[in-house]
Amino acid sequence: MRVIGLTGRIGCGKTTVAGMLHERGVATIDADEVAREVRQTDPNVRAAILARFGTDDPAALAAVAFRDPLALADLEAIVHPAVRDRVRDRLVALAAAETPVVAVEAIKLLESPLRDQCDAVWVVVCRPEDAVRRLEARGLSAAQAKDRMANQMAEEDMVQAADVVLSGSADLAETARQVESALAALREADATGG
């Protein structure tokens, strides 16, 4: 099984690329979705969040965490280990099912031990104004969008770690062409033992 680590800054189009991969037969795991599951269903995680923050309401947590780097680090220290365990469990199950290619979509992939589970890192990049516009369309203010963007790894550092760089600012047809090309190269390398 080949594992693609799919990452990029918030609002750049990771989820769009994950959808394109899914349409092309790639199994996908969304770490944000797993984090939501963990916060809702893991009693130890919920108790730790309540003890530290006094609430487990997602909007309230985001409001605190994205304004305070120490609060964000605390929240990640509570949630991320459980997320990593669930993602690893899913990867094991997919490998047992002989799934040929899996993409793990994770915004903090490069800062996580999950990076070691990936055969290739694909980074989706975009113009900052495109990210802000997309985040505003999701209901965030421009200030909230910029706060979230400020708490992320620099795009240049992500690009340096990438095996594949995809444009989230291109039109969808061009992004799809880039996805198809990168996926074909991955499958060809797998077929030839590369």
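Buried here means under 20% relative accessible area. Keep that cut-off in mind on the tour. The model is predicted.

**The whole chain**

Show the protein chain as a cartoon. It has 9 helices and 5 strands. Read from the N terminus, the order is β-α-β-α-α-α-α-β-β-α-α-α-β-α. The radius of gyration is 17 Å, close to the 16 Å that the globule rule gives for 194 residues, so the chain is as compact as a globular protein of that length. Along the principal axes, the C-alpha atoms fill a box of roughly 55 × 40 × 25 Å.

Of the 194 residues, 42% count as buried. Among contacts between residues at least 6 apart in sequence, 79% join residues at least 24 apart.

**Stop 1: strand E3**

Select residues 101-105, which form strand E3. How many of its residues are buried? The count is 5 of 5, so E3 is mostly covered under the 20% cut-off. Val101, Ala103 and Glu105 point one way. Val102 and Val104 point the other way. Both sets are buried. In a regular strand the side chains alternate between the two faces of the sheet.

Strand E1 (residues 2-8) pairs with E3 in the parallel sense over 5 bridges. Look for arginine 2, which stands opposite valine 101. Strand E2 (residues 27-30) also pairs with E3 in the parallel sense, over 4 bridges. There, threonine 28 has alanine 103 as its bridge partner.

Step back to the loop between H5 and E3 and pick glutamate 98. Its phi is positive, near 60 degrees, in a residue other than glycine. Glutamate 98 counts as exposed, at 69% relative accessibility.

**Stop 2: the largest nonpolar core**

Select Ile49, Val79, Val83 and Val87. Of the 32 residues in the largest nonpolar core, these touch the most other members. Color the elements that give two or more residues to this core: helices H2 (31-41), H3 (43-53), H4 (58-65) and H5 (69-96), with strands E3 (101-105) and E4 (120-125). Which element gives the most? Helix H5 does, with 9 residues.

Center on valine 83. Beyond its neighbours within four places in sequence, valine 83 is in contact with Ala31, Val34, Ala35 and Val38. A second, separate core has 28 residues, among them Cys126, Leu140, Ala145 and Ala182.

**Stop 3: threonine 41**

Go to helix H2 and select threonine 41. Threonine 41 is partly exposed, with a relative accessible area of 48%. Draw two distances from its side chain. A polar atom there lies 2.7 Å from the backbone oxygen of glutamate 37. The side chain of threonine 41 also makes a polar contact with the side chain of arginine 86, at 3.1 Å. Then find phenylalanine 53, 12 residues away in sequence from threonine 41. C-alpha to C-alpha, the two are 18 Å apart.

**Stop 4: serine 169**

Select serine 169, in the loop between strand E5 (164-167) and helix H9 (172-191). Is serine 169 buried or exposed? Serine 169 counts as buried, at 18% relative accessibility. Show what surrounds this residue. Leaving out residues up to four places away in sequence, serine 169 touches Val125, Cys126, Arg127, Asp130 and Arg134. A polar atom of its side chain lies 2.8 Å from the backbone nitrogen of arginine 127.

**Stop 5: helix H6**

Move to helix H6 (residues 128-137). Asp130, Ala131, Val132 and Leu135 are buried here. An α-helix has 3.6 residues a turn, so residues three or four places apart point the same way. Past H6 comes glycine 139, with a positive phi near 105 degrees.

**Last stop: glutamate 23**

Finish in helix H1 (residues 14-23) with glutamate 23. At 66% relative accessibility, glutamate 23 counts as exposed.

Technical notes
Residues numbered from 1 in each chain as written. Predicted model: local features only at pLDDT ≥ 70, side-chain atom pairs only at ≥ 80, totals over all residues. Heavy atoms only, no water. Core = buried A, V, L, I, M, F, W, Y, C linked by side-chain atoms within 4.5 Å. Buried < 20%, exposed > 50% of the residue type's maximum accessible area, 1.4 Å probe, protein only. Contact = heavy atoms within 4.5 Å. Polar contact = N/O pair within 3.5 Å; in protein donor to acceptor, adjacent residues only side chain to side chain. Rg over C-alpha atoms; globule rule 2.2 N^0.38 Å. Pairing = 2+ DSSP bridges.
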